Each structure stands twice: as structure tokens, then as C-alpha cells.
Amino acid sequence: MNHPAQAATASSEDLAASMPKGTAEVATEAARANSLLSPRFYTTDFAAMDRLDLAGVRAEWDAMMAEYEGDNNHDHFQRDEAFGPELAAAQADWSPLLRQEFLDFLISSVTSEFSGCVLYQEVARRVEHPELKALMRYMARDEARHAGFINQSLKDFGMGVDLGALKRTKAATFFKPKFIYYATYLSEKIGYARYITIFRQLERHPDKRFHPIFRWFERWCNDEFRHGESFALILRAQPELLRGLNLLWVRFFLLAVYATMYVRDHTRPTLHEAMGLDSDDYDFTVFRITTEISRQVFPLSLQTDAPAFRAGLRRLVDLSARMEVAKARGGLVGALSKAGLAAQALVCFARLYLHPVDRHALPAQIRVAPAW
């Protein structure tokens, strides 16, 4: 009798041999691309990070580090025996459009997870701060597992991303540490909200689970949640980042993360329909969860359910689609058209930025539980 892990590996290899193939080069090139909607790699001022003082959050920090050390997901990211047969049965019903949108989703996801892994590894290597160094090693460990697990599913289609080549060749954007803290906190928390919303939907409607990877989403997104908790503590340890003119940056990053997600998700309507989700309903559910969570750190939140705010996001989707048409047209006319549409998108973003926000006091207890 085969060991379960051997059986799972064998069935996965059989599945990979039978599925329509793309190429690893195409996947790696897609992951390498930098655009307004694609995940990026980051670098920062590591010396400035060494000045982090955690005295104000010491008790919650120590409890969190004990959770990382306990590593409750150490054996989670392994395929079981049912993975291969489940995928083989489900993918027979995929439309070409669903296949393309799902592969785009996997490539974007592996790039995002690996981006976090690379950043955390670099911070751990470059800082002297012992507690920050330890945290970053734990988080890099988690993100490496996530990226590797997603990449396994891309390899089923012959489209595994060459992560080594990606690390060597993808351009990195410099962010000040405070921008890293804002952006990474939101990325981890909205990642949790996205994954848990999908998991709960497919838990209620298992017939809509068209790929077995979704069975791993609950414990996976709890890793994302804990990562966000780490940055919540880092931000609350530096109260100057959460008041005064810095609130303008908080507002900017909230809007940028929400708008990017909304526009990107509306390029994948078939993916959501396959899960029984409407893209609009899904996105605003994710925004509400993220807004509720982020009250632990940010003293303001966006009014994402306001009709004017929703109308602005829909306009960004329309302008983005028209820019793609202009880009495909090419030539001087296409370039001028794209520039004009980009200017309109900038004005639309500015109007959304100036939309009224809700304000509230920060709670005394910083950490929250993944209860959604």
C-alpha cells in the first residue's frame, strides 16, 4: 500500500500529465510584469526599521511571537490523496475563459505571496533589531509555504512560476518603512478577507468548488490574519504614524488597496460566477470585513457602501477597460487616447480620495481574532 503522501504525489503527477499545458516562461513573464494592478516587489530603509521601539505593545507582541513559534500550520500545505482526482473531475467542466481567469488568479496570488516572502527575507537579513528579525523570518517561512503551494497548482498546467528567476529579475519599488507598514498591513488583512469570503461561500456551496485548492483557504488565510496582526502592533507602537498629516497617507493606502482590488476583480467575472459570487457583492463584502478589522489600527475608514463611492469605483473599471482598448489599438491615436483616459482615472481617484470618511477612537486592546 502506498503511503498517503506518495499516493497524493502520484495522482498529482498523473493529473499534470493529462492537463492542457501553458508554459512556465509565460507564467514567469506575467509574474514579472509591473502595472498598476499587478503585485510588486518592495525594498525599504532597513536602518530606519532598526529604530522600532516595541515597549508600548510588549505583552501582545510576546503572545504573538509565541504563536509564530508554535507554527500550527507546519503540516497544512500538503496535498492529500483526494486532490488529484477532485481536480481531474472538476476541470472537465471548465470553460476556456474560466481556465484563463483562474490561471491569472493563481499567477497573481503566487506573485503576491512570493513578494511578501522576498521582502520579509530581506528585512530579516538587513536589520539588526532582534525581535523584528525573528518576526520577519517567521513571516517569510509562512509566505514561502503559500507561494510554493500555489505554484504546485500552476505546475499542473505546465505554468509553474520560476521563483528564483522572478526574485532575480523583477524590479523592486522603494517604500519608506511607514509606507511598507501601511501597505503590508492592508495587504495581509484584505488577503484574509478575500480568502475567508471565498472559503465561506464554498463551504455553503461545495458544488461550486471547482478546484481543490480552495479547501486550504481557511487555515491559509489565518496565516495572513496573523501577519496583519504583526503590522498592527508595529503601527500602534508608533502612534505618530496614526495621526496628523500621516492620516492623509492612511487614507491614500486604504483607497489604493480597495480601488486596485475592485478594478482587478472586475476583469475576472467568470471566476467569481463559477464560485456563485457576484464580483460587486464579493468586493464590498471584502471591504466591509477589512474596514471592520482595520479599526484596530486606523482612526478613520472609507465609506465604501456610499452610492457616490461605489459609482466612482465603477467609473474606474470603465476607464481601465477603455485604456486596455486604447493600448491594443496602438499608434499615436491609441497613445493619446490612453493618456486622456489615464487623466480621467486620476481625477476619479482624487474625487474618491476626497469623499467623506468615518472617524473613530482606537481600541485599547490592539489584537483581534479571525472571527469571520
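Me: What counts as a salt bridge here, and how many are there by this rule?

Reply: A salt bridge is a side-chain nitrogen of Lys or Arg within 4 Å of a carboxyl oxygen of Asp or Glu. By this rule the count comes to 24. The model is predicted: local features need pLDDT of at least 70, side-chain atom pairs count only at pLDDT 80 or more, and totals for chains, interfaces and linings use all residues. Residues are numbered from 1 along each chain as its sequence is written, and side-chain values use heavy atoms, with hydrogens and water left out.

Me: With which residue does Glu 86 form a salt bridge that has its closest N and O atoms 3.1 Å apart?

Reply: That partner is Arg 215. The pair links distant parts of the chain, 129 residues apart, with Glu 86 in helix 5 and Arg 215 in the loop between helix 9 and helix 10. Helices (H or I, at least four residues) and strands (E, at least two) are DSSP runs, numbered from the N terminus. Glu 86 also forms a salt bridge with Arg 209, where the closest N and O atoms are 3.2 Å apart.

Me: Which parts does the salt bridge between Arg 367 and Glu 67 tie together?

Reply: In this salt bridge the closest N and O atoms are 3.1 Å apart. Arg 367 lies in the segment after strand 4 (357-359) and Glu 67 in helix 4 (residues 58-70), so the pair ties together parts that are 300 residues apart in sequence. Both belong to a network of salt bridges that also links Lys 189, Asp 223, Arg 226 and Glu 229.

Me: Is Arg 367 buried or exposed?

Reply: Buried means under 20% relative accessible area, exposed over 50%, and partly exposed in between (1.4 Å probe, protein chains only). Arg 367 is buried because its relative accessible area is 16%, whereas Glu 67, with 34%, is partly exposed.
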